[in-house]
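Q: I am new to this structure and would like to learn how to read its features. Please take me through them in turn.

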Amino acid sequence: MRLPVIDTSTTDNRHDLMTELQAIGVRLDTSDSGAPSRRGGAGPSDHKAVTIDGQTLMIPVHTGLAQRSPFLIKPDGSGGFTLEHNGRPMGAVSFPEPPAFYGLETEDGIPYWKIAVLHSADVLATTVMQTCIRYQPSETACQFCSIGQSLEAGRTIKRKTPQQLAEVAEAAVRLDGVKHMILTTGTPNHTDRGARVLAESAFAIRSSVDLPVQAQCEPPDDFAWFDRLKAAGVDSLGMHLEAVEPGTRAKIMPGKAQVPIDVYMHAFAAAVKVFGWGQVSTYILAGLGDSHESIVDMATKLVDLGVYPFVVPFVPISGTPLADHPGPDPFFMKSVLADVGAKLYAAGMKSSDMKAGCGKCGACSSLSQYEEKSPEGGLSDGPVL
């Protein structure tokens, strides 16, 4: 893997920096300052929120790849922190403060942080059901998934009730200014695939606080669930492909691969009719084995449908079967993101226009930076580190 020293004197190189940090991670020579890092769970896992030039990124810090990273964050001697690359100082970074709602608990003594967590600087996220029909047995499990790890470690609870989620969401908005919320779930069955529990949760949250919500699940068997989710208060929908080539899907996520991509494409088209153009999204994990051409081709089809293809670097999470899988080469990531970004630019589809969700947050991928291509073909100006 090529790891050049990045010159951040131009905007292009700032994009390179963000892409490389998210692809290979960073070492921390500091106590866990700011909002706590995350281990296990549905994702982003083994990450920590780091703010660079006012933009907060979720960067791997607990993976094996991160421990070998040429990037290092260390104290600067005056109460702040410096990012280094192979010993060369690059500039100041900071960490979001721990949210105030983390200090609260429910009447029956459950800490709020076991119910929902802060992603980036202002996004609330939760896995409503911390179990999945595909996680056990191991023969059907997605090889990158760590949904059971945080539950086994006691860092979360198995099922968050709608009332608990509404209580935490209200506190997060009131105390920490949270801007939107992401509801994901393990897949509980082969019919609604989690849509029911997500609808119940969203209805309780939106009845308690004015907070945009994205729900994430596999395509339900009955697309009428899209209307039910919308009526319950869900603003945007995520249905995640993760991998796009049949061989990669069968190898990496054998259980989920039993739902053909054609089913996803029909579901995407139906969901766009309900939630609107640009309000439906999908995750694509670059680095699992799909080629550049396959990812860009799929992204093109998705954009044509009105679906935002949130392309994210695959992060090999500790304790999973893919813990030692190599992360994507940063140059591969930059090439993929640039081409997908060009498709988004041509279509006028922007992550910032999404009402809620991972794409709007953008902390796990620098894709949003590549949406900003000017008509001349360059990248729009922005701050540099």
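A: A disulfide is a pair of cysteine sulfur atoms within 2.5 Å. Cys361 is in no disulfide either, and the nearest cysteine sulfur, in Cys364, is 6.3 Å away. This is a predicted model, where local features need pLDDT of at least 70 and side-chain atom pairs count only at pLDDT 80 or more, while totals for chains, interfaces and linings use all residues. Residues are numbered from 1 along each chain as its sequence is written, and side-chain values use heavy atoms, with hydrogens and water left out.

Q: How many disulfides does a search of the whole structure find?

A: The search finds zero disulfides.

Q: Is Cys132 buried, partly exposed or exposed?

A: Buried means under 20% relative accessible area, exposed means over 50%, and partly exposed is in between (1.4 Å probe, protein chains only). Cys132 has a relative accessible area of 22%, so it is partly exposed. Cys361, with a relative accessible area of 22%, is also partly exposed.

Q: What share of the residues of the protein counts as buried?

A: Of the 385 residues, 58% count as buried. The protein exposes about 14800 Å², and 52% of that comes from carbon and sulfur atoms. Accessible areas come from the Shrake-Rupley method with a 1.4 Å probe, and for residues only the protein chains shown count as cover.

Q: How many helices and strands does the protein have?

A: Helices (H or I, at least four residues) and strands (E, at least two) are DSSP runs, numbered from the N terminus. This protein has 12 helices and 13 strands.

Q: Which strands form the open sheet, and in what order?

A: Two strands pair if DSSP finds at least two bridges between them. Here four strands form an open sheet in the order E1-E4-E5-E6, with mixed pairing. Its edge strands are E1 (27-28) and E6 (88-93), each pairing on one side only. E1 pairs with E4 (residues 71-75) in the parallel sense, over two bridges. Opposite Leu28 stands Ile73 in E4.

Q: Which residues does Ala202 contact, beyond its neighbours within four places in sequence?

A: Contact means heavy atoms within 4.5 Å. Ala202, in helix H5 (residues 195-208), is in contact with Leu183, Val213, Ala232 and Val234 once those neighbours are left aside. Ala202 has a relative accessible area of 0%, so it is buried. Its C-alpha atom is 7.6 Å from that of Pro162, 40 residues apart along the chain.

Q: What does Thr248 touch, not counting residues up to four places away in sequence?

A: Thr248 lies in helix H7 and touches Ala243, Met253, Leu288, Gly289 and Asp290. At 8% relative accessibility, Thr248 counts as buried. Across the protein, 72% of the contacts with a separation of 6 or more are between residues 24 or more positions apart.

Q: What is the phi of Asp53, and where does this residue lie?

A: Most residues other than glycine have a negative phi. Asp53 is not a glycine, yet its phi is positive, about 50°. Asp53 lies in the loop between strand E2 (47-52) and strand E3 (55-60), and at 31% relative accessibility it counts as partly exposed.

Q: What is the phi of Glu242?

A: Glu242 has a positive phi near 65°. Glu242 is placed in the loop between strand E11 (236-238) and helix H7 (246-252). With a relative accessible area of 10%, Glu242 is buried.
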